[in-house]
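Subject: Structure for your files

Hello,

Here is the structure I said I would pass on. My notes follow below it.

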Amino acid sequence: MEKRFYLSQTDKKIGGVCGGLAEYFGIDPLLVRIGFLFLTLGIGTGLLAYILLWILAPKKEA
């Protein structure tokens, strides 16, 4: 089975991007959320990356 990135339907706070990335990489979603927070506050690209992933990533069919 091919490993693919999908938006999380079970572990989501806003759009499911962080939960989906955490499922894909097999890590804690909190670490992904902290990473996006760092990218947003530190570098300024986290919000743009989150929005793009939210728009472009497919939802997992049940």
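Does Ser8 count as buried or exposed? Ser8 counts as buried, because its relative accessibility is 1%. Please keep in mind that this is a predicted model.

Ser8 and its surroundings

Ser8 belongs to the segment before helix 1. Its side chain reaches the backbone nitrogen of Asp11 at 2.9 Å, and it also makes a polar contact with the side chain of Glu23, at 3.1 Å. When neighbours within four places in sequence are left aside, Ser8 is in contact with Gly16, Gly19, Gly20 and Glu23.

The salt bridge

Asp11 turns up again here. A search of the whole structure gives 1 salt bridge. Asp11 forms a salt bridge with Arg33, and the closest N and O atoms are 3.4 Å apart. Asp11 is in the segment before helix 1 (17-25) and Arg33 is in helix 2 (residues 29-43), so the pair ties together parts that are 22 residues apart in sequence. Both ends are partly exposed: the relative accessible area is 22% for Arg33 and 24% for Asp11.

The surface patch

A nonpolar patch on the surface is formed by Ile14, Leu47, Leu48, Ile51, Leu52, Trp54, Ile55 and Leu56. Together these residues have about 860 Å² of accessible area. One of them, Trp54, is placed in helix 3 (residues 46-56). Trp54 counts as partly exposed, because its relative accessibility is 38%.

Regards

Notes: Residues numbered from 1 in each chain as written. Predicted model: local features only at pLDDT ≥ 70, side-chain atom pairs only at ≥ 80, totals over all residues. Heavy atoms only, no water. Patch = residues over 30% accessible without salt bridge, like charges linked within 9 Å, V, L, I, M, F, W, Y side chains within 5 Å. Areas by Shrake-Rupley, 256 points an atom, 1.4 Å probe, with all protein chains shown as cover. Salt bridge = Lys/Arg side-chain N within 4 Å of Asp/Glu carboxyl O. Helix = DSSP H or I, 4+ residues; strand = E, 2+ residues; numbered from the N terminus. Buried < 20%, exposed > 50% of the residue type's maximum accessible area, 1.4 Å probe, protein only. Polar contact = N/O pair within 3.5 Å; in protein donor to acceptor, adjacent residues only side chain to side chain. Contact = heavy atoms within 4.5 Å.
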